[in-house]
Protein chains: 2
Amino acid sequence: VTTIYDVAREAGVSIGTVSYVINKTKRVRKETAQRVEEAMRRLNYQPHAAAKALALGKTNLITLVYPVNIYEFQMVIDTVTMAIGYALSDTDYRFSVLALLREATALEELEASVNARAMDGVILMHTQLHDQRVDLLKQVGLPFVVIGRCAENEGLHYVDTDIDAAAHLCIQHLVELGYHSIAFVGHEKRQADTTSVIYRLLHAFRHSLAEFDLPIDERFFIGASDPMHMVEELTELLRSKDHPTAIAASNEASVICAFKAASHLGLRIPQDLAVMGFAESPLYPLLPIPCSACFNHVRELGTLAAKMLVTILEGQEPENPQILLPPRLIARASTIGQA
Amino acid sequence: VTTIYDVAREAGVSIGTVSYVINKTKRVRKETAQRVEEAMRRLNYQPHAAAKALALGKTNLITLVYPVNIYEFQMVIDTVTMAIGYALSDTDYRFSVLALLREATALEELEASVNARAMDGVILMHTQLHDQRVDLLKQVGLPFVVIGRCAENEGLHYVDTDIDAAAHLCIQHLVELGYHSIAFVGHEKRQADTTSVIYRLLHAFRHSLAEFDLPIDERFFIGASDPMHMVEELTELLRSKDHPTAIAASNEASVICAFKAASHLGLRIPQDLAVMGFAESPLYPLLPIPCSACFNHVRELGTLAAKMLVTILEGQEPENPQILLPPRLIARASTIGQA
């Protein structure tokens with residue numbers, strides 16, 4: 001796909017100049033305009049909406065917004081980021097990430113970028129159930145798409161995992177394999193009531209346990225922000241009387257910690273302890289005992305969000321403005337054993 | 001630390017308004033100005049250089065620039081990003097990442113952001129030996145700091161690992177433990193002649209092998225972009241006659257692949273195969289056999305680069321404009337065995 005950046009390189013001008021030539025909004029020297037037109041012809045470039053908007057003071061920038069403190073040890077976030085990047089690389093947009101730095105004043109940080117008209121559209125990630133950033137973007141009318149959901153989603157454009165179905169699939173898989181004592185590992189406790197994905201995961205997990213007539217043991221909900229502490233807490237739990245025989249781990253760090261605690265105690269995976277992740281990670285097939293997962297559509301979350309936002313920026317309403325992706329079991333040795 | 005975002009929240013105004021009050025550059029309603037001044041007093045806010053510059057059309061934004069296609073499976077990049085974020089959260093700057101999407105026209109993408117005056121300063125990462133982005137930033141006079149180096153570094157502000165010393169330390173550690181047949185794993189072949197860190201690593205590794213009078217076997221340099229192919233290539237190499245007994249792995253994916261290949265072949269780590277990483281990763285202590293590393297200053301690379309750039313943006317010359325951080329051995333079970 002040819003983009004405005006290819007035309008700029010071919011003609012030896014800035015993308016602003018290309019846009020002026022397309023839109024005839026500003027006088028450009030005749031020879032320069034000819035060079036741009038020839039470059040467009042040679043490269044068979046079809047101006048996108050973004051190229052047209054550029055001359056009207058737009059930025060050609062789409063910005064992913066989320067708090068910087070969730071970066072570490074979450075390869076799924078990098079997968080989302082790359083997927084958005086690949087989707088946008090076929091368009092005239094550029095891509096930036098606004099990493100919100102200050103938890104208490106995250107809203108003011110986003111507002112500063114909004115006021116500076118720093119981007120044409122926003123993809124929001126790691127949403128709160130009641131998210132002030134969503135309120136701000138609605139209020140100023142800046143186009144945005146959420147990866148995730150809020151408590152109230154009326155009129156919201158979003159792409160999310162069907163978390164209820166994913167939790168159900170996870171418990172069902174473990175129950176069918178004979179595991180009836182299942183722990184949930186990996187949420188940060190202070191986020192359990194406020195952060196959409198963690199709230200929903202915990203809720204869906206409890207609901208699914210009840211559906212399968214399994215008891216709910218509060219000791220079996222382990223959350224810690226620091227992997228080393230998580231290993232300690234898990235080791236203690238696994239050493240206790242009536243310990244769990246299976247672990248549903250919400251993210252990569254939790255899976256690694258579960259493996260580590262099992263190794264400490266000489267527990268065999270999956271004979272003594274089954275381990276199951278939620279979102280597939282590039283790490284899981286590479287682990288010594290490859291790890292099962294509930295869904296494999298992390299890349300799709302990013303791709304669909306990027307495409308939905310571009311559609312909105314082109315002035316169209318997306319066909320499906322609220323997408324819930326269904327889970328799909330990826331069964332590996334950490335639950336089903338070696339083939 | 002109180003920032004301009006705290007003052008804005010406390011006074012219920014935008015950071016632009018706070019800046020106007022500080023600089024008296026624009027008329028602000030008397031009651032609003034009083035509210036801002038009271039908020040500054042209450043929070044004991046000392047205006048930073050950034051707050052002063054804001055009223056002069058600055059953006060208060062510092063941007064990390066690197067290609068999006070190096071994201072996946074590189075937790076060290078997230079560590080750098082988080083470190084920059086934490087360093088900047090004490091200042092009046094915000095932080096964004098410009099993920100360059102299009103390899104062929106990366107320069108035009110950066111140029112578009114530069115022309116839009118989208119940021120006050122840039123941190124460049126994953127530099128090429130001859131990097132057009134460096135030339136562009138020099139030419140337009142936009143302040144920038146490099147994490148890494150180029151071939152020519154005259155006048156450049158940078159923070160990098162002392163890669164020569166790191167490679168030496170790695171080989172020395174392995175040789176002292178009796179490993180004399182060492183493979184290097186993890187570079188992408190097509191980047192070996194162009195990308196600074198990969199070129200330097202390969203060069204330093206060969207040089208260190210020679211220093212210890214070890215033979216250089218071209219079969220022992222394994223590079224692949226896809227982890228699954230890397231596992232295959234490594235398995236084949238480890239199965240061959242005269243196979244290596246130790247692996248120096250340039251990144252996390254390579255370490256995981258080495259563990260996987262060893263497990264395929266029933267090789268014990270470190271008795272049959274020692275594995276050593278370069279940059280410490282949050283993953284390494286959590287692996288079933290914790291992995292050794294050559295240095296633990298990834299976070300520091302980000303922190304120092306951010307602080308150096310803020311110094312420059314404040315109009316001062318940094319005390320040490322070219323920083324090479326020395327390696328420090330982190331010896332774990334993957335080389336020295338269980339304690």
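Which strands of chain A and chain B each supply at least two residues of the lining of the largest cavity? In this predicted model, local features require pLDDT of at least 70 and side-chain atom pairs pLDDT 80 or more, whereas totals for chains, interfaces and linings use all residues. Residues are numbered from 1 along each chain as its sequence is written, chains are lettered from A in the order in which they are written, and side-chain values use heavy atoms, without hydrogens and water.

The strands in question are β1 (61-67) and β2 (94-100) of chain A together with β1 (61-67) and β2 (94-100) of chain B; strands are DSSP runs of E of at least two residues, and helices runs of H or I of at least four, numbered from the N terminus. A cavity is a set of points on a 1 Å grid over the protein atoms alone where a 1.4 Å probe fits but cannot get out, and its lining residues have an atom within 4 Å of a point. The count comes to 1 cavity of 30 Å³ or more, and the largest cavity holds about 140 Å³ of space. Its lining comprises 14 residues, of which L61(A), S96(A), A118(A), L61(B) and S96(B) are the closest to the centre. By residue class, the lining contains 8 nonpolar, 6 polar and no charged residues.

Chain A is superposed on chain B by a rotation of 180° with 0.0 Å of shift along the axis (RMSD 0.0 Å), by least squares on C-alpha atoms of residues with pLDDT of at least 70 in both. The two copies are thus related as by a two-fold rotation axis. In chain A, the C-alpha of V97(A) is the nearest to this axis, at 2.4 Å.

How values were computed: 1 Å grid on protein atoms, 1.4 Å probe; cavity = no way out; pocket = protein on both sides within 12 Å on 5 of 7 lines; lining within 4 Å. Points joined across faces, edges and corners; volume = space filled by probe spheres on them. Nonpolar A, V, L, I, M, F, W, Y, C, P; charged D, E, K, R; others polar.
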